[in-house]
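Today I wanted to look up the salt bridges in this model. Here are my notes, with the structure first.

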Amino acid sequence: MSFRDEEIVGLFFDVMKMSRYFAKIHNGSSSPFLGQYRCIYTLNETGRISQKELAEILQIRSTSLSELLLKLEKKGLVERMPSAQDKRKLLVSLTQEGHEEALKYQKLRVNAYCDMVSPLSEEEKRQFYSILSKIKNHYMEMEEEGHE
């Protein structure tokens, strides 16, 4: 049986959507992969970053990011401060509470993905790991060669 790349990718995204849905049901909270949580994860990975760079990474408009950051500030999860070098530039970082929230949802995400591969046998997990590693390495090579 032969599959088109579009079918394989479509199935992959269907499984991802389903895993997010079930994570939401089992954890009784919003999906840790969207909106505010994407922002929290990004800040946890990057550390302090300019608001402009954060908008680029999240691929959202600066006005949308401002609204998002305002909500996160009200929750005590992020803080914004002017850059010492350029007062017009705002730097964004997580608070200690923001780091704790990121760790909390990272654990939920790992559990959701572990549930996703739980029906696989050990041999299927090994094959799946090998395939994902091959895809990841392909993208890393493209990045090293300067492809965007």
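This is a predicted model: local features need pLDDT of at least 70, side-chain atom pairs count only at pLDDT 80 or more; totals for chains, interfaces and linings use all residues.

**Salt-bridge notes**

I started with R80, which is partly exposed at 23% relative accessibility.

Residues are numbered from 1 along each chain as its sequence is written, and side-chain values use heavy atoms, with hydrogens and water left out.

**Partner of R80.** I found R80 in a salt bridge with E73, with 2.8 Å between the closest N and O atoms. For a salt bridge I require a side-chain nitrogen of Lys or Arg within 4 Å of a carboxyl oxygen of Asp or Glu. E73 is partly exposed too, at 27%.

**How many in total?** I asked how many salt bridges this rule gives. The count is five.

**Helix α6.** Next I went to residues 122-144, which make up helix α6. I take helices as DSSP runs of H or I with at least four residues, numbered from the N terminus. Here E122 pairs with K125 at 3.9 Å, N to O. The two sit three residues apart in the helix, so about one helical turn separates them. E122 is exposed at 61%, while K125 is partly exposed at 30%.

**Also in α6.** R126 bridges to E123, with closest N and O atoms 2.5 Å apart. R126 and E123 are again three residues apart, about one helical turn. I noted R126 as partly exposed at 48% and E123 as partly exposed at 39%.

Note on methods: Buried means under 20% relative accessible area, exposed over 50%, partly exposed in between (1.4 Å probe, protein chains only).
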